Amino acid sequence: MKRWLGALIVGYSAAACTPAASVPDATREYAKSISEAAAAAKEDVTRCQQADKEEQRTAFCERAKKHCDVIQSTADDLAKSAK
Amino acid sequence: MNAADIIKTLISLGGVVKDIVSKNSSGGAVDWAAVVTAVGNDPAVGADVKRMIGDLRASDVGTAIKEIEHKQVAILKGRPLSQLSNSEMLQYDDLVDAKLVLAAKQLQAAFDQTFFQWLAENALPILKAAAPVVLPLLL
């Protein structure tokens, strides 16, 4: 790997990730974001079930599933990096 | 760099990485260490990647998250989700997904080859899908 790329990666890690928030703060932010995504998914499911138009039903069911997929993918990503 | 710029830069960077992955994989598991090396050794993309990562380096993911939160508050106007119109709810959905991706990144302490894997496999599809709605909201 070229040295500049390694330096930039380390620099980004230092500048944009770790110091931007402490681990407890970042954990709280992540937990809050999951909670919001879950709440949005729940609302999407409700709208999916109550929709009287097929188009709306499909849109909100898909959005609910997407929230779940995003929650899962970020959790998997963090689990991998924590190993 | 504001939230919109961060999302646009991540999408651009993700596109470059995906292109390199397609050139360096034979359909099996991706060797992400090799991808990082290929990015560093490819003069055609090296400058672009350097610029984009440099831009991200100066940014603050936490600030971007706060910007998204402000947009969430502006959409909610103190109302529960159940009182949003359908179009407002769909906008809120995209903001929540984008925020979750950034919050996950913020929590990741390590920043090595897994960044490219995260960018190409996780962040890029989500941000590309959310960008048409989220970017106009953030500008």
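## A residue and its neighbours

Let's start with one alanine: leaving aside residues up to four places away in sequence, B:Ala130 touches B:Asp94, B:Asp97 and B:Ala98. Keep in mind that this is a predicted model. B:Ala130 sits in helix α6 of chain B, which covers residues 113-138.

Is B:Ala130 buried or exposed? B:Ala130 has 23 C-beta neighbours inside 10 Å, so it counts as buried, the cut-off being 20 or more. There's also B:Gln91: 39 residues separate it from B:Ala130 in sequence, yet their C-alpha atoms are 9.0 Å apart in space.

## Chain B as a whole

Now zoom out. Of its 139 residues, 40% are buried. Look at chain B contacts with a separation of 6 or more, and 79% of them join residues 24 or more positions apart.

## Two helices side by side

Two packed helices are described by the angle between their axes and the distance between the axes. Take helix α4 (residues 61-76) and helix α5 (residues 86-107) of chain B: their axes come within 10 Å and cross at roughly 160°. That angle is over 145 degrees, which means α4(B) is roughly antiparallel to α5(B). The crossing is left-handed.

Who makes the contact? On the α4(B) side, the residues include B:Ile65, B:Ile68 and B:Gln72, while α5(B) brings in B:Gln91, B:Leu95 and B:Ala98, among others. Sorted by class, this contact has ten nonpolar, four polar and four charged residues. B:Ala98 is also one of the residues that B:Ala130 touches.

Terms used: Residues are numbered from 1 along each chain as its sequence is written. Chains are lettered from A and ligands numbered from 1 in the order in which they are written. This is a predicted model: local features need pLDDT of at least 70, side-chain atom pairs count only at pLDDT 80 or more; totals for chains, interfaces and linings use all residues. A residue is buried if 20 or more other C-beta atoms lie within 10 Å of its own, exposed if 12 or fewer, and partly exposed in between; C-beta atoms are placed from the backbone. Two residues are in contact if their C-beta atoms, placed from the backbone, lie within 7 Å. Axes are lines fitted to C-alpha atoms, for helices over the stretch in contact, and angles run from 0 to 180 degrees between N-to-C directions. Helices (H or I, at least four residues) and strands (E, at least two) are DSSP runs, numbered from the N terminus. Angles under 35 degrees count as roughly parallel, over 145 as roughly antiparallel, 65 to 115 as roughly perpendicular and the rest as oblique. A crossing is left-handed if the near helix is turned anticlockwise from the far one by less than a right angle, and right-handed if clockwise. Ala, Val, Leu, Ile, Met, Phe, Trp, Tyr, Cys and Pro count as nonpolar, Asp, Glu, Lys and Arg as charged, and the others, Gly among them, as polar.
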